[in-house]
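Here is a short briefing to read alongside the sequence and the 3D view.

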Amino acid sequence: MKADLEDLRKRIDLLDESLVRLLNSRAACALEIGRLKREMGIPIYQPTREAEVLKNVQQVNTGPLDQEAIKRLFERIIDEARHLERIAEEVQLKKESS
């Protein structure tokens, strides 16, 4: 029984590593999106796109996390991505003023 617990914990550790890599890949995209939005004069906050992302992730969700849990997780991910987009904008503005 203890071996099963340890095996599951090792599996979770590997999954966590994969999640970190995927989240960082997503964050890199958000930084690039922030740069492009700045160049195009598009606002960072786009509620229609965020609603679309939430709808998409809920459609592919097969559980065991329920739809509200997936929504909460992705709202947080989107919030962090928006923060990165703002940072990209601030970094670009600092470069331009130098």
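Of the contacts in the chain with a separation of 6 or more, what percentage comes from residues 24 or more positions apart? In this predicted model, such residues account for 64% of those contacts. The chain has three helices and zero strands, and from the N terminus on its elements run α-α-α.

**Overall shape**

- Along its principal axes, the C-alpha trace of the chain spans about 60 × 30 × 15 Å.
- The chain has a radius of gyration of 18 Å, whereas a compact globule of 98 residues would have one near 13 Å.
- Buried residues make up 17% of the 98 residues in the chain.

**Helix α1 and what follows it**

- Helix α1 covers residues 2-40, which is 39 residues.
- Here is a friendly check you can follow: at 1.5 Å a residue, helix α1 should span 57 Å, and its end C-alpha atoms are 56 Å apart, so the two values agree.
- Which residues of α1 are buried? Ala27, Ala30, Gly34 and Lys37 are buried in this helix.
- Just after α1, glycine 41 takes a positive phi of about 70°.
- For background, most residues other than glycine have a negative phi.

- Lysine 37 lies in helix α1. Its relative accessibility is 10%, so lysine 37 counts as buried, the cut-off being under 20%.
- Which residues does lysine 37 contact, leaving aside its neighbours within four places in sequence? Lysine 37 is in contact with Ile42, Pro43, Ile44, Gln46 and Glu85.
- Glutamate 50 lies in helix α2. At 17% relative accessibility, glutamate 50 counts as buried.
- Not counting residues up to four places away in sequence, glutamate 50 touches Tyr45, Ile78 and Arg82.
- Glutamate 39 and glutamate 75 are 36 residues apart in sequence, and their C-alpha atoms are 25 Å apart in space.

**The loop between α2 and α3**

- Glycine 63 has its place in the loop between α2 and α3, and proline 64 is found in that loop too.
- What kind of peptide bond joins glycine 63 and proline 64? A cis peptide bond joins them, with omega at about 20°.
- As a reminder, most peptide bonds are trans.
- Glycine 63 has a relative accessible area of 35%, so this residue is partly exposed.
- From glycine 63 to lysine 10, the C-alpha to C-alpha distance is 21 Å, and the two are 53 residues apart in sequence.

**The largest pocket**

- How much space lies in the largest pocket? About 330 Å³ of space lies there.
- The largest pocket is lined by 16 residues, and the closest to its centre are Arg26, Ile33, Arg49, Val53 and Glu85.
- Helices α1, α2 (47-60) and α3 (67-97) each supply at least two residues of this lining.
- Sorted by class, the lining of the largest pocket has eight nonpolar, two polar and six charged residues.

**The second largest pocket**

- The second largest pocket has a volume of about 280 Å³.
- Leu19, Leu22, Leu23, Arg26, Leu73, Phe74 and Ile77 line the second largest pocket.
- The elements that give two or more residues to this lining are α1 and α3, and α1 gives the most, with four residues.
- By class, the lining of the second largest pocket has six nonpolar, no polar and one charged residues.

Notes: Residues are numbered from 1 along each chain as its sequence is written. This is a predicted model: local features need pLDDT of at least 70, side-chain atom pairs count only at pLDDT 80 or more; totals for chains, interfaces and linings use all residues. Side-chain values use heavy atoms; hydrogens and water are left out. The expected span of a helix is 1.5 Å times one less than its number of residues. Buried means under 20% relative accessible area, exposed over 50%, partly exposed in between (1.4 Å probe, protein chains only). On a 1 Å grid over the protein atoms alone, a cavity is a set of points where a 1.4 Å probe fits but cannot get out, and a pocket is an open set with protein on both sides within 12 Å along at least five of seven lines; lining residues have an atom within 4 Å of a point. Grid points are joined across faces, edges and corners, and a volume is the space filled by probe spheres set on the points. Ala, Val, Leu, Ile, Met, Phe, Trp, Tyr, Cys and Pro count as nonpolar, Asp, Glu, Lys and Arg as charged, and the others, Gly among them, as polar. Contact means heavy atoms within 4.5 Å. The radius of gyration is taken over C-alpha atoms; the globule rule is 2.2 Å times the number of residues to the power 0.38.
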